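I opened my notebook to look at how the parts of this model meet.

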Amino acid sequence: MDALVVLIPLMPLSAAAIVGMGHLFGFIGGETGESITADIAGWAISMSCLLALSLLGAGLLGKNTGSYAAGHWLNSDTLDIPVNFITAGFHVHLAVLFSILLALVIRFSMNYMHREAGYHRFFFMLSLFSAAMLLLVLSGNAVGTFIGWEIAGLSSYFLIAYAYDRPVAAANATRVFVTNRIGDAGFILGIGLTYAWVGSINWNDLNAAAAQLSSGEATAIALCFSVAAFAKSAQLPFTPWLGRAMEGPTPSSAVFYGAVMVHAGVYLIILLRPVFEYSTLAMAVLAVVGLATAVYSFVVGLTQTDVKSSLVLAASGQLGLMFLECGLGFWQLAAWHLCAHAVVRCYQFLTAPSLLHHIHDHQIKPVTPVMSNLRRAYVASLQRFWLDPMIDWMLVKPVRGLAHDLSYFDDHIVDRIMGGAAPAIQAISSLAQLEEQIVGAKLDNSADKFAQGSGLAGKLTEWTAAVLHWFEDRFVLRGIGKDTINYGRQLGHVANKFEQSVLRPRYLVLFVCITLLFAC
Amino acid sequence: MNNASFPILSLLVLLPLSGAIAVTVIRNIQLAKNIALLVAALELIATLTVVQLFNADIGTGFQLVERYAWIPGLNIEYLLGVDGISVLFLPMSALLTLMVIVASWNSVQTMPRLHLALLLALEGVTIGVFSALDMALFFLFWELTLPPIFFLIGLWGIGSERRGAAIKYTLFMLFGGVPLLFAIIILAINHATAVGGSIPQDLSFSLPVLLATALPDNLQGLIFILLLLGFAVKAPLVPFHTWLPTVAMEGPTQMTALLTGLKLGVFGIIRFTLPLAPSAAVQYSWVLGIFGAITLVYSALIALQQTNLRRLLAYASVSHVGLVIVGVASLNMQGIQGAIFQLLNFTMVAGSLMLVAGFIQHRLGSTEAIHLGGLAKVMPHLACFYFLFALASLGLPGTSGFPAELLLIVSAILAHPSISIAALIGAILSAAYMLSFTRRAFFGPITRTSVKQVQDLRPRELTLLCVSALLILGFGFFPNSVLKINKTTAEAWLNRLMDQPVLTSGDEGFEQ
């Protein structure tokens, strides 16, 4: 029975491939093709659902061995990345739950998305996402889980940018993907450290070896995976991305940010329970971040007046509680909490549009009186504690500024030092220059330039000649005069400017980072 | 050493060269185009035959070797051969050239025969660079890549300063050639001194012989620096990279696709720099790593600032070279295998992205973000392929970029943990620059009438991109198909470096 597990992610993946290829090459398209697309996607996820259920049944009857290996994906030296799956316990339960929810949402979308412009695109992405999520929960090694993790993030990107002609949607999609990429970097680092210290990237091996790890190693691995989990499950300081992600169509919001994808972070933590249990620090971090997010989401949620924002903040708050439970050691509770929350939130998101329809003529309930009396708290809550602008100010702006400075440096300094394209630069570009040259005004004093060259060697020769000439002209012929003082002053200005720019916070931070990197 | 019964490598070099001559001689343009296509296709088949003939299980030494005396007075030989590192570059170069020829089928209107002839000639010498085993012969092929590229940029460039860009490129490459030549001469003389012979008779330029000759410690550092400098210009590594953005802006996109796709410089570093100066390579691997890390982060940051797709791709390509160098400097199996994998990837990913940029340029006359906007709506096919290639370039699972990048990052974590942080930052930045350009060019409302009327990919272009898309997905799903070909050679390469007696100077502390 174990071998069936391969088919569970493969079914939606092949559905995605068929729909994607068919749509790309024009076999499936338009309104007539809608039923074909919907059928393919619907049948595939239903099959996955049945397979997952039979796997669960077989597990209950004791027919499963608990794992299944289907060959090797990549081998390099001792790094062996197999294609293996875990077919027991929490993994299968989640696979069953998620495939049922995904099947529901796909069924819901068949009618909901009817006659939408990107119908086929939507089902392609949803099928791809289903495959990714099922791979994520079933994979027996870290790289397999990471593949699911990334593909899920990618489909989230495309569904946020579903209405891609709206600039806000496109900008939010990019922002969300890049934010998640920070978590992905943590995940990759975690994989690398696991391989370096445990020598294997199988989850079971890591959990079995957790006892042999020193507490520092366990903490490092646990913290790397926590960063990934925090980013995926929208914990502080990554919480704002969840609000931005609401640009997509409702069914995708339901399945990504209500029911399935946001829980991936909690799943990862529960999966790594043995490693976390060897690290008090990582447990404390989980608890603190979870609690902070729960409080944050609750306070901000109090002032929200639109249904999607309220739901999203409720979701991140509940996820925060799950992290808190993990951090306090109530693993079983967190697992149940995850499952229950997925079901409830999926329902709430799916009914949100009809809810809006029903309350169309009624006033939204005003903000709670407690909140409206506390003016500062109210503003802070309304502004979501300025978290987004703060991250902009702390991270995005300095990076952009650094990029801008480096770009200038590259164009004006590195490029010049390495030798520019001589003929184009030295050509006469305007009529005035031509006249100047004919009349012989030589305002740019080009008479000094005897030697001309380009490239490093050419320029070097030219400069040497120019410097010698200048030296002779200014010092030997004219004596030390006013020019020297002027040059000195100019040099001072340049040095001053350099110092000022170096003292900008972004450079200070950069230097500190570089020093730290060298130190470690 | 495994000698070839049939001189197939020479055939690979000569076939495109003779094709180039044929194309120049033939008057009929259509016939010339067909012949060029035929030659490129035959070349691809021949290179695939080489991969078939190649035995991946023989780790040490070169295969399909052809040896003829060339300049007997100086002991310079005509020596060709392949090993697991170079063998896959041959079909990739052939495929990319074929793609470039198909992509420029109608877009090159002036002097099309000369254009095709130069492309074929470039293909021939590039294959020569990958398969030459005699240093002098290698240097000849290396420098012979310059004239075709010079004329391709200068004559068919799309920028107003294409002549300047062509000169800039050539000067940079000539500058890189000087240290290379010095290193080759020093190595040859060292061999003569080592065997105790006299200078002109006992010089040796053959790579297998030079690899067997021990290099004294005082020369190790010098040779390492010279060879590194020579190849760093071509790779390119910061600060020698400034020719690439210029060429990308001024040169024709097909040419840039070849330049960003075929990373001859990094190949040179793997093939010559490290094995020829092994103890210096081990001692200074961290310097190389830092060099790579700086290149990686520096160009990724600059790429964030770019508004033109071609320039962005140029910086992205430099940034990826940085990551490959980090992998090479890690001196472990994951690093070297990931580096070769990533270099092969470039041929498809960077080359195809540049070709896509060329398609946009050809239709709209610009790849500047402000002139685009909303392309996904009017060119859905092109947008699909663009996304696939862009995602492969930022290493998303499912594409061939992922296994390569994973190997490189894991190798960095194993060897130099602090450099691996730079690699991870690079991974985040690559998503930022790629997707924020995508947002401006492909998403958003259509604002320009020229964009509104643009035509999507033609069947010819679609087929072209399908081929590389299939390869990218294929390598992504089955990375072992590539890795098993270079496994034994990579092991031998690594053993050669690591089995050296470690030098006494205590500069090893950095790695801890």
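**Entry: between the chains**

I noted at the start that this is a predicted model. I looked up how chain A meets chain B. I found 52 residues of chain A in contact with 53 residues of chain B.

Next I asked which elements of chain A each supply at least two residues of the side that touches chain B. I listed one strand, β1 (67-76). I then listed the helices: α5 (142-160), α6 (167-198), α18 (387-417), α19 (422-426), α21 (455-477) and α23 (505-519). I marked α6(A) as the one that gives the most, with 15 residues.

I also checked residue classes on this side of chain A. I wrote down 35 nonpolar, 10 polar and 7 charged residues.

I turned to the domain assignment of chain A. I read off domain 1 (1-140), domain 2 (166-382) and domain 3 (389-519).

I picked domain 1 and domain 2 of chain A. I found 23 Å between their centres, taken over C-alpha atoms. Their contact takes 22 residues from domain 1 and 23 residues from domain 2.

Which elements give two or more residues to the side of domain 1 that touches domain 2? I found β2 (79-86), α3 (89-112) and α4 (119-138) of chain A. I marked α3(A) as giving the most, with 10 residues.

How many charged residues does this side of domain 1 have? I counted none, beside 18 nonpolar and 4 polar residues.

Technical notes
Residues are numbered from 1 along each chain as its sequence is written. Chains are lettered from A and ligands numbered from 1 in the order in which they are written. This is a predicted model: local features need pLDDT of at least 70, side-chain atom pairs count only at pLDDT 80 or more; totals for chains, interfaces and linings use all residues. Two residues are in contact if their C-beta atoms, placed from the backbone, lie within 7 Å. Helices (H or I, at least four residues) and strands (E, at least two) are DSSP runs, numbered from the N terminus. Ala, Val, Leu, Ile, Met, Phe, Trp, Tyr, Cys and Pro count as nonpolar, Asp, Glu, Lys and Arg as charged, and the others, Gly among them, as polar. Domain bounds come from an automatic or database domain assignment.
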